[in-house]
Each structure stands twice: as structure tokens, then as C-alpha cells.
Amino acid sequence: MDLTTTYPSWLILLSIVAGILISLLLYYKNKRFELSFPTNITLGVIRAIIISFIAFLLLNPLIESQKRFTEKPVILFLQDNSSSVKTSKDSTYYLTDYVQQIKRFSNDLEKKYDVASFVFDDQLHDDLNIDFKGAITDFSSVLKDVKNRFAYRNIGAMIIASDGIYNRGSNPVYDIDKFNFPIYTIALGDTNIQRDIILKKVNFNRIAYLGNEFPMEITIQAGKCKDQQTRLTVVNDGNDLFSKTIHINSNNFLQTEKLLLEANTKGLQRYTIELTPVNDEISKANNKQDVFIDILEGKQKILILSGVPHPDVSAIKQAILSNKNYEVQDFMIDKFDQSVEAYNLVILHGLPSLKSNITGLLNQIREKQIPVLYFLTKNTYYRLFNDQLAGVSVRGENLIFNEVMPSVNEKFSLFTIGDQTREMLKSTPPVVSPYGSINIQASATPLLFQTIGSIETEDPLLVLSESTNQKTGVVLAEGLWRWRLKSWAQKGTHEPFDQLINKIVQFLSLKVDKRFFKVIHDNNFNENQDIEMDAQVYNEIYELINEPEVKIIFTDEMGNDFPFVFNKTINAYHLNTGRLPAGNYKYKATVQLGDKLLTENGEFTVNPLNIELINTIADHNLLFNMAHNRGGEMFYPNQLDELEKTIIDSNKIKTISYRESRFSELLNIPWLLGLVILLLSIEWLVRKRMGAY
């Protein structure tokens, strides 16, 4: 333990001198009472000690104490739980004996080390429940999670048991450079080419238009199937759309078939592509794939008009074009000479403006009840804009403009925005917004509020309005192009920004739906996704309510029913059922509104993921490089004892010790206060007893 203070050391000496001087004044100079010399000396010393100590305490001295800690090394064990592991000829071994061997191996290591065991596929799971049912393998995501969880721990080594096959993310050989501990790998699976026909890849457009032909590209791969043949078929709703016999002429066969199919039926259509199996094929699950194509009557047409060139226009256009449902045209207002009646949504950036008289255009938009989205800028003519009753008005003489940040209105219920978009909005660059008297009309709902500095205001940044005849939206800012760039810088994708713009466009461009009960959902889900839906219930004056209970029943293709109840949100409903098996589902949702039972029917599809079955040849070279680059070794399942011995004998895996320093104020020690009081009491009692004061 050490004693220290932030004041200069000469003040400590001054405290001692002060104590001595005050004691001398009392016991040497003051002759009003007589004490014996030994008593006088004793009491003077006590008084000097007390005064010096109290003066020293005024310097706020700190006591530094140090404590030593030791931390055992942590061994990380990561077991690949993806389905590609069990597709080898040793599948029975991996599902039975191997699981027991791994658990014994983990238990043996725990006798000497702290062992953290996980299984992984596209993410890390906190257990060792090995069933080889993972649909995707993503080393990048898993290793990033490991780095975040164990950033400040004493990691002795990491063991990765895998077949080396990954189908998402980057090459793990580059991801492990961030680790400073050895990595050992256990090589699973089979590196030999097996007798197998694989439907390797199907390229297709997710959107097609009724009456048109759409392309489909099918890649077929076959190993050790020379002189065999298979039949390729494409089926929709029980009808064969295409059929062809494929002759396999080599043991390493690869062929691509390009088709043109006709879109005859509107709606979400399921197309089943299948290859007939050959004898002794190792896996038939990768011979079949379902794809889902949304057949639309026509694209939604979006018009963007601007008064001056602006990077916002390009950002908005690119975001909308990321959705194949939309066709976008943009014009400078002085170059636009067409009719707006052909468009489903008009976006006005910086319009109306003083330089561009678009009163006639605005009247036409209002008469045709065309949805419109305004972006307010420094060029906007606010007096004319306020006359449009777009859901919000901005008034004030000589408007000024502030840099503001967005904050999400948690009570917004017209639609939901994803977690990635919410995360993006928390760290976006500021945008420029008009500052004045901002009034929101009763029909309008803010999606985003303005945050100025660290202060969240109730001034809207993005408002959507759904009146009886027309939908409108207003973005009270310019500079959103920075949000799109920030989205790319943070996530390597524009999706968070694009999703926000597309949600707004989708809401505005759809025709006003005056049903009292709506169920909102995607048509397509992957089998590794949670099934999420929203529901809205309106009363007789078309206000959102959520008092009654909303129930829904899913029915699969076998006729099995799955009942659920929606959870209530601020003034709507949300449902997350978790994951469902692949297949087609129909649903019936009901809500009791007064004496009326309202019903909504629909359907959706859960797409199967067969990615793990496309490549079943283990990549032990990848596992070797991962271990070699981090100072480890690669082992096989029958070498677990050797792996354990290598880890135990390694001089790189050590217990570490460290010291932790803590500072505490001397004033906070209770017994020191008691000692001061005791000494003062002794001095006072002795002087009283001797007749002094």
C-alpha cells in the first residue's frame, strides 16, 4: 500500500510545523495553568500529532492498494453444426460416435482449462447441441462474434471442428489475422468426390410481369456419373413447363440450361426445378429446388421532379430502383412536358420554388389524387407549399436552416422499419432543415423527429399523411444522400437507407385501402428467417385502435393448423412466430370489432435453403491454412488425444497474473476518525483532571 496526494510534498511538512507551533502556543506560551513537565510534554505531543494529522487530511491524501489476480487460459471450442458435415458417407458416425467423442474431449480439457464450447452455422450458439441441421455456414460472422465476446480474456487457443465448407461471408483465412492465439482445427467430412447429381444454381428474376416471358438459368453439376442421364423438369402448379433429358458425359460434369418461361398467372408463383436421381447417389436432397417469382400486372411508375441538380435526387432514385417493382423517371422541372396521370407517385425535390411556376402541375396532381412526396430545401417556395395541405406547414419570415439529426417516432404505426435502418438513423450525418413555425395537420403522422445537438425536439423531419382522397409525404430536409453513403460506410450495403425510402414509396404509391382490418406481411421468407407480420384495426371513424384481440391461424400443405395471437403495439399489432418449416402456408386472421367479425385471408411461402447440399466436398486445405497461419495444427477426429496432449504441452497457453490498483481517500477510513476523537478526548480529560481548561 502507498500513500499519495495531489498536492506538493512541502505542504505535508507545513502541516507538521503547523501542528507543532499550535501545540507550543498552548502548552509553552500559555501560563494560565500549571502542569507537570512530563504531562505538559505528553499533552503537547498529542496536540501536535492531532493538529498535524487534521491539517494533513485537508490535503485529501489517497491510499493506493494493489491486488494480484490470476486468470486461467480459456480454450474456445467451435463445432461446425451445418448440414454439409453429415452428407458424407460417414454420416452415421458423425451423428452418433463423433458427438460422444467431442463431449468427452471437451470434458477432459475442462479439468485443466476454462473451456467455452459453441456450435455454429451462420452464427454462434451458446451450447454444444450437435445435430448438423445448420442451413448456412458463415465463418466471418462467427469469428467476429468470438472477437467481440472474448476481446479482453486470456484466450489460450481456439479449436475449430469443421469440414471447411462455407457459403456466406469472406474467406476465414483472412479473418483470423485479428487473433493473437493459436488455432487448431479438426478436419471433418470427406474430400473425395461422391456420386452425386446437384442442382447447383438457379438464376432468375424475382419479379416478372403478366403475359411476358422471363428467363431462368439452371446450372447442373454431377460427380462420378459418367454415361448416366437425368431428366430436368420445371413445374408450376402441377403443370410441366419444361422437360429435357441431360446426358452426363464426364465424371466432373457441369452444364447450364437457359430457359424462357411464360408468366401466365398473376401473384406469387412457385416453380419447382428437379433432376431425377441416378443409382447409388449419395444425396437426393440437392436434386430439387423451389423458386418463387412474383408475377405482377405492371411496374409502379415513379416520377422525380427537381428544380436544380442535387445529389439527393440520385440517392433517392437509386434507392427506389433497388426494388424491381418500380420504374423511375427523373426530370428537371423545365424539361418536363408530360402528363403526371401516368405515374403512381410524384416526388418533388425543392418544388414548388420561386423560379418555377408549377401551380398548374400541383392542381393536376390534386385533381387526379396522385400521391406526392415533397422534399423541402432552401429553394422551396414555402407559401405555395403550405397551400397544398400536404400534412405539415412551415411558416416564418426569412426562414433560417439548421443542421439536424433524425430520431424515430416510436408511436408511428403506418408501417415498421427494420433494425438496420434504425441503427443507421442513430449515427447518420446531419441534414439541413428549415427552422420556423412548423404545424402538423390532424391527418399526418411523423415518422422522424428533429434532433438538434443532443436535444430531441417534437418538430417533424419526415411526415406521412393519409387523407380520404390522397396520400402525401413531406421530408423537411435536404442532404439525405449523406445517409446513403454512411449506410455503405457502416455496413458495406445501401440496404438500410434503401429500405427506408422504399417503405415510404410503397406506402404512398399503393392505393388508399379503406378496409377496417389489414394484415401486412412479406410474401416470401427463407426457412432461417422469423415469420413477422403486422396488423391494423380501424374504428368507424377510421382511427387506429388495438383494444380487440387479433387471432390468426396458419395452415400448411398437409392441413395442419398453427394458431397464434398478435401482440399489441402502441396502436397496432405485431406477430413474430419464429421460424417455420419450408413450404406454402395459408392463413385466416380474425378480429371481433363490436358486433362484426372481420376476416383477412392470405398466403405466404417459406423457401427451403439447400445451400449446404450444393457443395459437399470437404475443404481440408482451408482448415490446414487456418491452423498453420496462427501457429496451430490440423487434426482428424481419430486424433483427439493427440490434440489434447499438444494443447497441454504448449508453452503458448499460460495462466496470466496481473495487479489491479485501487485508490481510496484517507478521509473515508472510519477508524482514523475514531483515533482522532480518542486522542482529543484523552488530552481533554487529562487537562481537566489536572485542573486546566
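Is Phe 139 buried or exposed, and what is its relative accessible area? Phe 139 is buried, with a relative accessible area of 1% (buried means under 20%, exposed over 50% and partly exposed in between, with a 1.4 Å probe and protein chains only). The model is predicted, so local features need pLDDT of at least 70 and side-chain atom pairs pLDDT 80 or more, while totals for chains, interfaces and linings use all residues. Residues are numbered from 1 along each chain as its sequence is written, and side-chain values use heavy atoms, without hydrogens and water.

The structure holds 18 aromatic pairs (rings of Phe, Tyr and Trp, the last by its six-membered ring, with centres within 6.5 Å; planes under 30 degrees apart count as stacked, over 60 as edge-to-face and the rest as tilted). Phe 139 and Tyr 166 form an edge-to-face pair, at 6.3 Å centre to centre and 75° between the planes. Phe 139 belongs to helix α5 and Tyr 166 to the loop between β6 and α6, so the pair ties together parts 27 residues apart in sequence (helices, H or I, have at least four residues and strands, E, at least two, as DSSP runs numbered from the N terminus). Tyr 166 is partly exposed, at 27% relative accessibility.

For Phe 525 and Phe 604, the ring centres are 5.8 Å apart and the planes lie at 85°, so this pair is edge-to-face. Phe 525 is in strand β26 and Phe 604 in strand β34, 79 residues apart. Both Phe 525 and Phe 604 are buried.
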